[in-house]
Amino acid sequence: QVQLVESGGGLVQPGGSLRLSCAASGRIFSIYTMNWYRQAPEKQRELVARITSGGIPEYADSVKGRFAISRDNAKNTMYLQMNSLKLEDTAVYYCNYIIKIYQNDSPRNYWGQGTQVTVSS
């Protein structure tokens, strides 16, 4: 059983910073792409940032230059440093990993439970 646990959400003023973490535990053979998604009230879930197994990041246009994604493969952990936060960044943030549990297994999607980020003055 694989579990993804997020942490680091909270309430922050506009212009502030937060750092999210997502740690995976359980039986894991390999982790491929790691993703951060977010979902604001009454909106669809959207991809915020992703990072490949080789460490290459990609960002949504709305967060480029403000957010930085990173990963520590030894700890099966992904991070999202969020700077210059805006009101519109308010959402529940979810981590998503593409994981192989066994060498001969097919890669599967795993999701964290979500962490609330609220940007408000």
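**Strand partners and core contacts**

Mentor: Start with I99, which stands opposite R108 in β10. Keep in mind that this is a predicted model.

Trainee: OK. How many bridges join β9 to β10?
Mentor: Four bridges, and the two strands run antiparallel. β10 covers residues 108-111.

Trainee: And how many bridges are there between β9 and β11?
Mentor: Three, again in the antiparallel sense. β11 is residues 115-119. Look at V92 for an example: its bridge partner in β11 is Q116.

Trainee: What about β4 and β9, how many bridges there?
Mentor: Eight, antiparallel. R38 has Y93 as its bridge partner in β9.

Trainee: How many residues of β9 are buried?
Mentor: Eight of its ten, so call the strand mostly covered, by the under 20% cut-off for relative accessible area.

Trainee: Switching to cysteines. Which ones are joined by a disulfide?
Mentor: C22 and C95, with 2.1 Å from S to S. The count for the model is one disulfide.

Trainee: Where do the two cysteines sit in the chain?
Mentor: C22 is in strand β3, residues 18-25. C95 is in strand β9, residues 91-100. They are 73 residues apart, so the pair links distant parts of the chain.

Trainee: What is the handedness of that link?
Mentor: Right-handed, with 55° about the S-S bond.

Trainee: Is C22 buried or exposed?
Mentor: Buried, at a relative accessible area of 0%. C95 also has 0% relative accessibility and counts as buried.

Trainee: Now the sheet with β3 in it. What is the strand order?
Mentor: β1-β3-β8-β7. That is an open sheet of four strands with antiparallel pairing.

Trainee: Which strands stand at the edges?
Mentor: β1 (3-7) and β7 (67-72). Each has a single partner strand, so one side of each is left without a neighbour in the sheet.

Trainee: What is the average twist?
Mentor: 15° from one strand to the next.

Trainee: How many bridges hold β7 and β8 together?
Mentor: Six, in the antiparallel sense. β8 is residues 77-82. Within that pairing, S70 stands opposite Y79 in β8.

Trainee: What lies over the face of Y79?
Mentor: R19, at 4.1 Å from the ring centre.

Trainee: Which residues is L18 in contact with?
Mentor: Leave aside its neighbours within four places in sequence. Then L18 touches G8, G9, G10, V12, L80, Q81, M82, L85 and V117. Take Q81: it is 63 residues from L18 in sequence, yet the C-alpha atoms are 6.2 Å apart in space.

Trainee: Aromatics next. Which residues form an aromatic pair?
Mentor: Y37 and W111. The structure holds one such pair. The pair is tilted, with 5.1 Å centre to centre and 50° between the planes.

Trainee: Why does that pair tie together separate parts of the sequence?
Mentor: Because Y37 lies in strand β4 and W111 in strand β10, parts that are 74 residues apart in sequence.

Trainee: How accessible is W111?
Mentor: W111 is partly exposed, with a relative accessible area of 37%. Y37 counts as buried, at 18% relative accessibility. There is also R45, which lies over the face of W111 at 4.8 Å from the ring centre.

Trainee: Last topic, backbone angles. What is phi for E42?
Mentor: Near 65°, a positive value in a residue other than glycine. For background, most residues other than glycine have a negative phi.

Trainee: Where is E42 found?
Mentor: In the loop between β4 (30-39) and β5 (46-51). E42 counts as exposed, at 88% relative accessibility.

Technical notes. Residues numbered from 1 in each chain as written. Predicted model: local features only at pLDDT ≥ 70, side-chain atom pairs only at ≥ 80, totals over all residues. Heavy atoms only, no water. Disulfide = S-S within 2.5 Å. Buried < 20%, exposed > 50% of the residue type's maximum accessible area, 1.4 Å probe, protein only. Pairing = 2+ DSSP bridges. Axes fitted to C-alpha atoms, helices over the stretch in contact; angles between N-to-C directions. Contact = heavy atoms within 4.5 Å. Phe/Tyr/Trp six-rings, centres within 6.5 Å; stacked < 30°, edge-to-face > 60°. Lys NZ or Arg CZ within 6 Å of the ring centre and 35° of its normal.
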